[in-house]
Amino acid sequence: MIEAVVFDFDGLIRDTETFEFYSFHELLLDYGIELPLDLYCSRIGGHYKSFDPYEFLQQSIGKTLDREMLRRLRREKYDKLIVHQMALPGVENYLNEAKRLGIKIGLASSAPRDWVMPNLDELGLTQYFSCIRTHEDAINVKPAPDLYLQVLDYFCVKPINAIALEDSPNGAKAAKAAGMYCIIVPNKLTSELPFESYDLRLKSLEEMDLTTAIRLLTIAS
């Protein structure tokens, strides 16, 4: 019996990851530097410090730059790119269906809380989540299972009775390490990355409703 569904945020609810990459890519191109996708992707779904694009830029051009200026310019680029991007297709359907079915709804993100909450507020989705755990809540973020386990502990739900929704390999590793079912929904940036373990892969949450996904997962087990 599925009692809880736990969402990732970046790249799963809103495709922030793709546009973050585009904004960094544009920033580095201003200095004549190409941003390697494989290096950048090492930070997706995990600790944002695992790869630092600003440090990569400085090392590539061989001089120190004003970090605050770079952050400001990069954020300006990002804000222009993300402005019309709302929740990804099917997200609100899953939230409403989980609510209708009486399934607890949580969120586990490696991103900082002051990033996640304004995005959720802007999308009008905050009220769906009974438990939200972010970067500040765990010593070890994804691919460690800590954030997921904290949400499940709050809900008093066993991992085998919960589903994680993820878009990245790091997130999927965290969910499976927590002992949960894992549905992956890769986005433009993560679709070509290697996923080691998951239970169901969808192109979009519009591809299959939550009830059908639950039936497939539980029958397979």
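Analyst: Happy to. Let us start with strand β1, which is covered on both faces: Ala4 and Val6 on one side, and Val5 and Phe7 on the other, are all buried. Buried here means under 20% relative accessible area, exposed means over 50%, and partly exposed lies in between, with a 1.4 Å probe and protein chains only. In a regular strand the side chains alternate between the two faces of the sheet. A word on the source: this is a predicted model, in which local features need pLDDT of at least 70 and side-chain atom pairs count only at pLDDT 80 or more, while totals for chains, interfaces and linings use all residues. Residues are numbered from 1 along each chain as its sequence is written, and side-chain values use heavy atoms, with hydrogens and water left out.

β1 belongs to an open sheet of six strands in the order β3-β2-β1-β4-β5-β6, with parallel pairing. Helices (H or I, at least four residues) and strands (E, at least two) are DSSP runs, numbered from the N terminus, and two strands pair if DSSP finds at least two bridges between them. On one flank, β1 and β2 pair in the parallel sense over four bridges, and Val6 has Gly106 in β2 as its bridge partner. On the other flank, β1 pairs with β4, again in the parallel sense over four bridges, and here Phe7 stands opposite Leu165 in β4.

Moving on, β4 (residues 162-166) also pairs with β5 (residues 181-184) in the parallel sense over four bridges, with Glu166 opposite Ile184 in β5. The edges of the sheet are β3 (131-133) and β6 (200-201); each has a single partner strand, so one side of each is left without a neighbour in the sheet.

Helix α7 (residues 146-155) lies across β1 (4-7), β2 (104-108), β3 and β4, and runs at about 155 degrees to β2. Such angles run from 0 to 180 degrees between N-to-C directions, and the axes are lines fitted to C-alpha atoms, for helices over the stretch in contact. Contact means heavy atoms within 4.5 Å.

Most residues other than glycine have a negative phi, and most peptide bonds are trans. In the loop between β3 and α7 sits Pro143, joined to Lys142 by a cis peptide bond with omega of about 20 degrees. In the loop between α7 and β4 you will find Cys156, which has a positive phi of about 55 degrees although it is not a glycine. Cys156 is exposed, with a relative accessible area of 68%.

Helix α8 (residues 169-177) has Pro169, Asn170, Gly171, Ala172, Ala174 and Ala175 as its buried residues. Their cover includes α7, β4 and β5, which brings us back to the sheet. Just after α8, Gly179 takes a positive phi of about 90 degrees.

Asp209 is partly exposed, with a relative accessible area of 38%. Leaving aside neighbours within four places in sequence, Asp209 is in contact with Tyr94 and Glu97. The C-alpha atoms of Asp209 and Tyr94 are separated by 6.9 Å, although these residues are 115 apart along the chain.
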